[in-house]
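Here's a quick briefing to read alongside the model. Have the sequence and the 3D view open while you go through it.

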Amino acid sequence: MRATRRAFLGGAVATAGLPLIGPAIAATAPKVIEPKPVSHQLAPDGYPKTAVWAYDGASPGPEIRLGQGARLERRLVNGLDQPTTIHWHGIRVPNGMDGVPDLTQTAVAPGESFDYAFDVPDAGTYWYHAHWASPEQVGRGLHGPLIIEEAESAPDIDADLVLALDDWLLNEAAQIEPNFAIPMQMSHGGRIGNFVTTNARHDFTQDVQQHQRLRLRLINMANARIFPLALQGLDGWVVAYDGMPLAQPEKVTSELVMGPAQRIDLLVDVTAAEGGEAYLVRLDDDGGMVQAAFPVTARASLTRRPDPVALPPNPGHAMGTLGSAQTVPMKIEGGAMGRLSRASVEGREMGFREMIGQGQFWAMAGQAGLHDTPLVTASMGETVRIPIENDTVFPHAMHLHGMHFREVLGDGAMGPMRDTLLIAARERREIAFVADNPGDWLFHCHMLGHAASGMMQWVRVV
Ligand code: C2O
Ligand code: CU
């Protein structure tokens with residue numbers, strides 16, 4: 001089992017499997033979700049269509065939108081020619097529904113199916129994506145939004161817009177660069193695309209009116225790109241990070257930075273007048289680029305609303321007691337220009353050169369790739385602290401499956417609940433969480449090429 005572990009994020013290991021004869025017909029047969037190759041007009045008109053992999057023919061995949069407390073049921077039918085799974089990023093699920101090959105389920109072979117079914121306890125903005133050979137499967141388009149609406153006190157808004165931010169690495173014929181294991185990318189900042197999109201459009205536009213209030217659900221679905229964002233012609237408040245409501249809305253006064261897999265729920269009021277434009281702006285090295293345009297078309301018939309109030313908190317997230325916590329420090333090492341000299345790969349000590357030969361560039365707590373023993377074993381209800389030292393010259397987006405954490409801030413205060421933390425080069429940060437979801441949970445960098453080349457650990461809750 002262990003020998004195959006690296007395969008699910010790293011690349012193509014063929015798994016022979018017999019196609020199912022066909023699911024039993026039941027009145028309650030779940031809706032099917034099928035990843036398969038399609039072509040999509042991604043690049044501007046005049047360019048050929050791009051061959052992508054998509055759920056139900058759409059990338060991003062179909063929006064799954066449910067009420068809080070509802071049951072999500074989907075039958076994954078694998079229409080690819082390689083195994084796959086679906087991970088429901090950020091939502092609390094029973095371990096067996098988490099979609100991590102070899103850790104929580106067997107990967108679904110081509111033509112086969114797997115039924116995902118679980119209740120969704122938390123309102124907020126989540127997403128789903130493939131978790132087998134993730135750099136390639138996510139990079140080719142296998143991801144979509146998962147939106148859970150508040151059971152009560154939903155905010156007063158005029159429109160609810162999901163904005164899936166992504167980038168693609170395309171060649172001159174607008175086709176996806178097929179090598180997802182380029183050492184130069186994996187050992188640096190990861191695979192950064194040359195074509196940036198919002199909801200798979202390079203020119204995403206939504207007409208608005210002055211004084212409208214929009215809920216923008218931003219999701220960074222890119223393999224590795226960090227999005228620094230700003231608002232223009234819009235007054236904004238952050239109301240949730242990674243699906244979890246803030247106790248108080250935070251007025252947007254500086255740039256918003258989103259690492260891979262992170263989400264931000266924004267409430268924005270259109271301040272630009274009729275004929276003007278409002279924008280979500282991406283702050284690139286060469287200046288501001290339009291990430292989403294909001295032309296103000298209709299004559300204003302609205303008046304300005306009072307500032308927004310907080311979203312209702314999600315139930316049952318304990319705060320934890322730091323004093324009695326189990327503390328497990330973790331150092332991130334490796335990458336280009338790093339100081340890593342050796343690490344354990346599949347349980348065997350290797351020098352950095354030999355690691356490179358195995359496609360491993362990074363280590364966490366001295367280990368590259370998944371090992372038989374978890375980084376942390378916690379008992380149910382225990383508080384866990386992980387001080388993280390990023391001893392590399394690259395940022396990393398650390399994601400914990402199954403549970404949200406808080407950042408332990410310098411003064412002992414706790415940051416907002418998150419499931420993915422962006423850690424800058426050479427930075428030290430600390431997270432704490434209550435181990436309240438039993439099972440084996442992956443803890444990895446969401447720069448997917450980093451995960452595939454070493455940055456994976458796991459946490460066991462018993
Ligand atoms: Cu969205 Cu294991 O990740
Ligand atoms: Cu990383």
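**Strands side by side**

Arginine 74 sits across from tyrosine 116 of strand 7. What you're looking at is a predicted model, where local features need pLDDT of at least 70, side-chain atom pairs count only at pLDDT 80 or more, and totals for chains, interfaces and linings use all residues. Residues are numbered from 1 along each chain as its sequence is written, while chains are lettered from A and ligands numbered from 1 in the order in which they are written. Helices (H or I, at least four residues) and strands (E, at least two) are DSSP runs, numbered from the N terminus.

**A three-strand sheet**

- Strand 5 (residues 71-77) pairs with strand 7 in the antiparallel sense, over 7 bridges; two strands pair if DSSP finds at least two bridges between them.
- Both belong to an open sheet of 3 strands in the order 1-5-7, and the pairing is mixed.
- From one strand to the next, the twist averages 30° (axes are lines fitted to C-alpha atoms, for helices over the stretch in contact, and angles run from 0 to 180 degrees between N-to-C directions).

**Strand 9 and its partners**

- Strand 9 (residues 143-149) is mostly covered, with 5 of its 7 residues buried. A residue is buried if 20 or more other C-beta atoms lie within 10 Å of its own, exposed if 12 or fewer, and partly exposed in between, with C-beta atoms placed from the backbone.
- Strand 4 (residues 64-67) pairs with strand 9 in the parallel sense over 4 bridges, and leucine 66 stands opposite isoleucine 148 there.
- Strand 8 (residues 124-130) runs antiparallel to strand 9, joined by 6 bridges, and tryptophan 127 stands opposite proline 145.

**Domains**

- The protein chain splits into domain 1 (2-149), domain 2 (159-298) and domain 3 (326-461); these bounds come from an automatic or database domain assignment.
- How many residues of domain 2 are in contact with domain 3? There are 20, and they meet 22 residues of domain 3; contact means that the C-beta atoms of two residues, placed from the backbone, lie within 7 Å.
- On the domain 2 side, helix 3 and strand 16 (244-251) are the elements that give two or more residues.
- That side of domain 2 has 10 nonpolar, 8 polar and 2 charged residues. Ala, Val, Leu, Ile, Met, Phe, Trp, Tyr, Cys and Pro count as nonpolar, Asp, Glu, Lys and Arg as charged, and the others, Gly among them, as polar.

**Two buried residues**

- Serine 187 lies in the loop between helix 3 (183-186) and strand 11 (195-198). Serine 187 counts as buried because 24 other C-beta atoms lie within 10 Å.
- Leaving aside neighbours within four places in sequence, serine 187 is in contact with Gly335, Ala336 and Phe361.
- Aspartate 166 lies in strand 10 (residues 159-168) and is buried too, because it has 25 C-beta neighbours inside 10 Å.
- Skipping neighbours within four places in sequence, aspartate 166 is in contact with Thr197, Ala200, Met221 and Ala222.

**The core**

- The largest nonpolar core has 116 residues, of which Leu165, Leu218, Ile431 and Phe433 touch the most other members. A nonpolar core is a set of buried Ala, Val, Leu, Ile, Met, Phe, Trp, Tyr and Cys residues joined through C-beta atoms within 7 Å.
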